[in-house]
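This briefing sets out what the model of one protein chain shows, grouped by topic. Please look over the sequence and the structure before reading on.

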Amino acid sequence: MSTEHNAAPPLPDELRDASNWYRQLASEGLARLNLSSSKLFTITVACQQSPTVVAQQLIESGLPKLMASAVLEFCQRATTFEIGSSYPMVSIAKVTELLEFFADLCSVGLLRDWLGLAGEGAIFWEPLLTVLCDDKLGRGTATALLENSTIKFLSKVTACHAKNQQVLVVAMISVLRSGVALATYNCRMTSRVKSSIAGFMRRLVVEILLEGEKLTVVIQSDRPLRDKKESAAESNSVQMYLSVNTKCGDILDRL
């Protein structure tokens, strides 16, 4: 598909709701957006090998924003129980792939910054949390994979990044205040209705907010290296996702 990106027109008076306006603006591109997992992997590798040049070109192309709009479109459809879509990338499987893709891009500083910008990469954060906390998708393998990819993405995009951490906290507070993350139940002892935090929100708090921060570490060497915990082939550059408390000896033990 073409990645030509034109300046967005001014917001019409009748479309003051930013999400609705952006949805209309992106609809034509979404109809043509269809990327396989192999293509996403190729983009990731290119960005990681030449982060300064390729990452900037990728952002300027408008492709990442179109991908983010695909996730947003999925969330909006799930909220209204319109899961089916004619857009190739607007499905639970494709959105899961996109979140994995975004998580991998977090190793590039420029892209991680962009993913946390309001109206840009962060456009789908709160809607996605709302969908997963409100159990709009039901339970099943596909939903579990989406939850895993969401937590992986949010963990990487906020690791050691104060601004993105703030964006996530604001989104979580908004979802909690809306009530969708609260599950109500009857207390037999008091005959009163009480509330508890939804399962996904509890998991998010435990795995991201209470877990030690992690970051991507790239190790380069003149001789081929291989991470013993990964199945990747030997390379002169090895990338690891490690806790900030990891010791150098622990890293050497993996090589």
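Beyond its neighbours within four places in sequence, Leu129 is in contact (heavy atoms within 4.5 Å) with Leu154, Leu168, Ala171, Met172, Val175, Phe200 and Leu204. The model is a predicted one, in which local features need pLDDT of at least 70, side-chain atom pairs count only at pLDDT 80 or more, and totals for chains, interfaces and linings use all residues. Residues are numbered from 1 along each chain as its sequence is written, and side-chain values use heavy atoms, with hydrogens and water left out.

- A nonpolar core is a set of buried Ala, Val, Leu, Ile, Met, Phe, Trp, Tyr and Cys residues joined through side-chain atoms within 4.5 Å.
- Buried means under 20% relative accessible area, exposed means over 50%, and partly exposed covers the range in between (1.4 Å probe, protein chains only).
- The largest nonpolar core has 55 residues, and the members that touch the most others are Met67, Phe102, Phe124, Leu129, Phe153, Leu154 and Leu204.
- Helix H4 (residues 63-79) supplies the largest share of this core, 10 residues.
- Another core lies apart from it and has 6 residues, including Ile219, Leu225, Leu242 and Ile251.

**The chain as a whole**

- The chain holds 11 helices and 4 strands; helices (H or I, at least four residues) and strands (E, at least two) are DSSP runs, numbered from the N terminus.
- Of the 255 residues in the chain, 37% are buried.
- The chain exposes about 14200 Å², and carbon and sulfur atoms supply 53% of that area; accessible areas come from the Shrake-Rupley method with a 1.4 Å probe, and for residues only the protein chains shown count as cover.
- Taking contacts between residues at least 6 apart in sequence, 65% join residues at least 24 apart.

**Helix H4**

- H4 has 17 residues and reaches 25 Å from its first C-alpha to its last, close to the 24 Å expected at 1.5 Å a residue.
- The expected span is 1.5 Å times one less than the number of residues in the helix.
- H4 is mostly covered, with 15 of its 17 residues buried.

**Aromatic pairs**

- A pair of aromatic rings is described by the distance of the centres and the angle of the planes.
- Rings of Phe, Tyr and Trp (its six-membered ring) pair if their centres lie within 6.5 Å; planes under 30 degrees apart count as stacked, over 60 as edge-to-face and the rest as tilted.
- By this rule there are 5 aromatic pairs.
- Phe101 and Phe102 form a tilted pair, because their ring centres are 5.8 Å apart and their planes stand at 45 degrees.
- Both Phe101 and Phe102 are buried.
- Trp125 and Phe153 make an edge-to-face pair, at 5.8 Å centre to centre and 90 degrees between the planes.
- That pair links distant parts of the chain, with Trp125 in helix H7 (residues 125-133) and Phe153 in helix H8 (residues 141-158), 28 residues apart.
- Trp125 is buried at 3% relative accessible area, and Phe153 is buried at 1%.
- Ring pairs join Phe101, Phe102, Phe124, Trp125 and Phe153 into a cluster.

- Asn164 is in helix H9 (residues 162-178) and is buried, with a relative accessible area of 2%.
- The side chain of Asn164 reaches the backbone oxygen of Val157 at 2.8 Å; a polar contact is a pair of N or O atoms within 3.5 Å, where within protein one must be able to donate a hydrogen and the other to accept it, and residues adjacent in sequence count only if both atoms are side-chain atoms.
- Leaving out neighbours within four places in sequence, Asn164 is in contact with Arg112, Asp113, Gly116, Trp125, Val157 and Thr158.
- Asp113 is in helix H6 (residues 109-115) and counts as partly exposed, at 37% relative accessibility.
- With neighbours within four places in sequence set aside, Asp113 is in contact with His161 and Asn164.
- Asp113 and Thr158 are 45 residues apart in sequence, and their C-alpha atoms are 9.6 Å apart in space.

- Thr96 is in helix H5 (residues 92-105) and counts as buried, at 11% relative accessibility.
- Not counting residues up to four places away in sequence, Thr96 touches Leu145, Leu146 and Ser149.
- Phe41 lies in helix H2 (residues 37-49) and is exposed, with a relative accessible area of 56%.
- The C-alpha atoms of Phe41 and Asp104 are separated by 9.0 Å, and the two residues are 63 residues apart along the chain.
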